[in-house]
Amino acid sequence: MALEYEDGIVTMYPGPVDVHAHPRVFDPQTSHDISGQDGYEGKAGLPIYSEVALRSGIVLIGAMPNESYREIVPNAHDGEATRLIQFPISNYERARIMGHSIRTQSRINATYYLGVDPTEIFDDSVEQIDAQTILRNFALGGKDAKALKLFGNISTGGNNVPIQHFPQIVGMWHSLYPRKPIIMHLEDENVGTVLDDLYAQNYGRVPVHVAHVSSREELSSVIVAKERGQNVTCEVTPHHLFTLKNDGALIGGYGCMKPTLKSLEDVNFLWDNLSYIDIFASDCAPHKNSEKEASPPTFGVTNHSTWIPLLFGAVEAGKLSLEQMEACLVTNPRRIFNLPENDSSLAAFDLTVRFASAKEVEQFVAPNYQSNIFQHLERTGQMFRMIGRLIYASSGQSVVIYDQNMNTLIPDYKTSLTHLV
C-alpha cells in the first residue's frame with residue numbers, strides 16, 4: 001500500500017474503500033421489470049451507485065444486507081404503481097442473488113454482508129431465537145459474505161434484533177467464521193451494553209465492528225472496550241463529522257439520519273478522539289427527494305460525491321493528516337474486513353482544485369441521484385471546505401480519467417427478480 005503526494009497530487013494505491021454502502025441493488029426494478037414505466041422511478045441501483053462511487057474516487061464497496069425490491073400493485077387506486085417488499089440478505093438464496101447482482105452489475109469491485117431477518121428466527125415471541133435456522137443460514141449464506149451485519153436499533157427495513165440475543169448470535173457466527181467481523185448497528189447506551197455483554201460472556205476476542213459512531217457516549221464505550229483489550233473497531237461518517245443536530249433542524253427531512261445528527265460537543269469529541277476511530281465510511285443511502293420531503297421522511301444520506309473532498313478539506317484545515325485519512329480509507333478497511341491488500345486499484349486527486357459548493361462537486365461527479373445533505377445545508381448559509389478533484393480512478397475493469405475525458409466502465413446486465421424471488 002502506498003500514499004504519494006507530489007505537486008499537489010495525492011495518489012492512493014490501492015484506492016479508497018467504503019465499507020458501509022447501501023446501493024439499493026433491487027429497488028430500481030420490480031418482480032415484473034417495470035423499471036422506468038408508468039412514471040415509476042427507482043432509487044440508485046448498483047450500476048449507478050457504483051459508477052458514482054468510482055467517479056468520487058472509491059474503488060471498492062461493501063453492501064449492507066437491508067435490501068428491498070418493488071412489487072407491482074394491480075389496479076392501484078392511490079397512484080402508487082409499486083409497493084416496497086423487504087428483502088434482507090439473510091439466507092443462501094438471497095445471498096446467491098446478491099452475489100450474482102454484484103458480479104454482473106457493479107462497475108467497481110464490491111462485496112456484501114450477510115444479515116439476520118427477524119421474521120426467519122422468531123415465532124410468536126422475541127424471547128427465544130431459532131438457533132438452528134440461524135446456523136443453517138450462516139453456514140450456507142455466509143461463505144462469500146465478508147461480515148455479518150446485526151441491527152440492534154431500528155433502521156431502514158426494520159431488521160433489528162433485541163440486543164439480549166447479540167452474544168448468542170455473535171458466538172454462532174464466530175464459530176463458523178472466526179476471522180470475519182460482526183458489524184453492529186447500535187446507538188446510545190446500547191453500544192456499551194452490548195460490548196460489555198460480549199466481554200462478560202468471553203467473546204472479547206471476537207472481531208466486532210461498531211458502525212457509524214455518532215456521539216461521545218457511543219465512542220466512549222468503544223474506547224473503554226479497546227482499552228481493556230476487546231477486539232473492537234469502529235467507523236465514523238462524514239455527516240456525523242461535519243454536520244450538527246441544529247443543522248438538521250434547518251433542512252427538515254434532508255437531515256433525517258440513523259443515528260441522528262448530534263450536538264457540537266459530540267462532534268468535537270469525535271474529532272478529538274480520531275485515534276480511536278479505525279474507518280471513515282459513508283453510510284451512503286440514496287433516496288428520492290420526495291421521500292426525504294415526506295412525513296415522516298426516510299432515513300439516509302447521499303454523500304459519495306462530497307465525502308472525500310470534505311476529508312481533504314479537513315486535512316487542509318489541520319484536523320487530520322493525510323496519513324490518517326489514508327489509514328481510515330484504505331489500510332484499515334482492507335485489514336479489518338479481510339479485503340485484498342493489493343487489487344491493482346488506484347485513485348488520484350488534484351488538491352490544487354477547490355470547490356465553491358457541494359453542488360459544484362456533484363456536477364463534476366454527475367451523481368444521477370438526489371438529496372445531498374451538504375448541498376441543502378449550503379442553502380441555509382452553511383459552508384464547508386472541499387478540495388481535491390478526482391483526476392484518475394481504476395477498479396477492476398473500470399477506469400475514469402478526468403484529464404482525457406475518458407470513461408471505461410464494465411457493462412451491466414439487467415437482472416429480473418421474476419425467477420429469483
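Guide: A search of the whole structure finds four cavities of 30 Å³ or more. The model is predicted, so local features need pLDDT of at least 70 and side-chain atom pairs need pLDDT 80 or more, while totals for chains, interfaces and linings use all residues. Residues are numbered from 1 along each chain as its sequence is written, and side-chain values use heavy atoms, without hydrogens or water.

Rolling a probe the size of a water molecule over the atoms shows where empty space is left. Here, a cavity is a set of points on a 1 Å grid, over the protein atoms alone, where a 1.4 Å probe fits but cannot get out. Points are joined across faces, edges and corners, and the volume is the space filled by probe spheres set on them.

Start with the largest cavity. Its volume is about 150 Å³. It is lined by 18 residues, and His22, Ser155, Thr156, Lys258 and Asp283 are the closest to its centre. A lining residue has an atom within 4 Å of a point. By class, this lining holds five nonpolar, nine polar and four charged residues. Nonpolar means Ala, Val, Leu, Ile, Met, Phe, Trp, Tyr, Cys and Pro; charged means Asp, Glu, Lys and Arg; the others, Gly among them, are polar.

Now the second largest cavity, with about 70 Å³. Of its 13 lining residues, Ser305, Pro309, Phe364, Gly388 and Leu390 are the closest to the centre. Helix H12 (304–316), helix H14 (358–365) and strand E14 (387–395) each give two or more residues to this lining. Helices (H or I, at least four residues) and strands (E, at least two) are DSSP runs, numbered from the N terminus. Eight residues of the lining are nonpolar, three are polar and two are charged.

Stay with H12. 12 of its 13 residues are buried, so H12 is largely enclosed by the rest of the structure. Buried means under 20% relative accessible area, with a 1.4 Å probe and protein chains only. Among the buried residues are Ser305 and Pro309, both also among those closest to the centre of the second largest cavity. Trp307 and Phe312 are buried too. After H12 comes Gly318, with a positive phi near 80°.

Next, open space. A pocket is an open set of points with protein on both sides within 12 Å along at least five of seven lines. The largest pocket holds about 370 Å³ of space. Its lining has 19 residues, with Gly99, Arg103, Thr111, Tyr112 and Asp144 nearest the centre. Helix H2 (92–105), strand E7 (109–112) and helix H4 (131–141) each supply two or more of them. H2 gives the largest share, six residues. Nine residues of this lining are nonpolar, four are polar and six are charged.

One last stop is Ser345, in the loop between helix H13 (322–336) and strand E13. Ser345 counts as buried because its relative accessibility is 3%. Its side chain reaches the backbone nitrogen of Gly15 at 2.9 Å. The Ser345 side chain also makes a polar contact with the side chain of Asp343, at 2.6 Å. A polar contact is a pair of N or O atoms within 3.5 Å; within protein, one must be able to donate a hydrogen and the other to accept it, and residues adjacent in sequence count only if both atoms are side-chain atoms.

Definitions and conventions
Buried < 20%, exposed > 50% of the residue type's maximum accessible area, 1.4 Å probe, protein only.
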